[in-house]
Amino acid sequence: MNTSTKKYYAIYKPFGMLSQFSREGDHPTLADLDFDFPKDVYPVGRLDADSEGLLLLTNDNFFKTRLLDPKQRHFRTYYVQVEGEITDQACAQLAAGVNISINGKKHQTLPARAVRMEEPHLPERNPPIRFRKNILTSWLSLSLHEGKNRQVRRMTAAVGYPTLRLVRWSIDDWELGSMQPGEVREVKGQG
């Protein structure tokens, strides 16, 4: 493939959208975005419908394979709103790795970076998180270089703080920045 034909896109995948172009039930898909993607462009990894944030798309299979290879240890950073006031102890547990269940099997997560943070400046989620006056919420930044199914949600639940909102902020050096839900930007790949 000629390098001039390789394309790379960053999107802010909205809450409720599937990380694919094909239809599945009533969920909106990447095909519903107001952008004309080349036919040979596909997502690099996934975000669940109930997660939002940065998703990369490309037609560069070498780039995609390298970015998804766990041995390359590419960090993905998530901003996570949890139920309750998360403690330093819970963050330390997340950073050290916790036991979660994946397809009925125990999995010890790899060491991660987990830090409490102030509420980030993010676009409002549609629909919004259900507000409950008597239940505090807090935010943490969680950086992983593995990506098991619903891993972040399973990890925060394992330390006693269920996830309410999950936003992938970055993948290595690519960040959401000021992007808005549904926005698409063409970006440069890394050789």
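Two strands pair if DSSP finds at least two bridges between them. Strands (E, at least two residues) and helices (H or I, at least four) are DSSP runs, numbered from the N terminus. The model is predicted: local features need pLDDT of at least 70 and side-chain atom pairs pLDDT 80 or more, while totals for chains, interfaces and linings use all residues. Residues are numbered from 1 along each chain as its sequence is written, and side-chain values use heavy atoms, without hydrogens and water.

β3 and β9 pair in the parallel sense over two bridges, with E52 bridged to V167 in β9. The other pairings of β3 are tabulated here.

| Partner of β3 | Sense and bridges |
|---|---|
| β1 (residues 8-13) | antiparallel, six bridges |
| β2 (residues 42-44) | antiparallel, three bridges |

I11 stands opposite L55 in β3, and V44 opposite L56. Seven of the seven residues of β3 (residues 52-58) are buried, so the strand is largely enclosed by the rest of the structure; buried means under 20% relative accessible area (1.4 Å probe, protein chains only).

The largest pocket has a volume of about 530 Å³. Of its 25 lining residues, R46, Y78, G147, K148 and R168 are the closest to its centre. α1 (61-68), β4 (76-83), α3 (151-158) and β9 (163-171) each give two or more residues to this lining. A pocket is an open set of points on a 1 Å grid where a 1.4 Å probe fits, with protein on both sides within 12 Å along at least five of seven lines; lining residues have an atom within 4 Å of a point. A volume is the space filled by probe spheres set on the points.

Conventions
Buried < 20%, exposed > 50% of the residue type's maximum accessible area, 1.4 Å probe, protein only.
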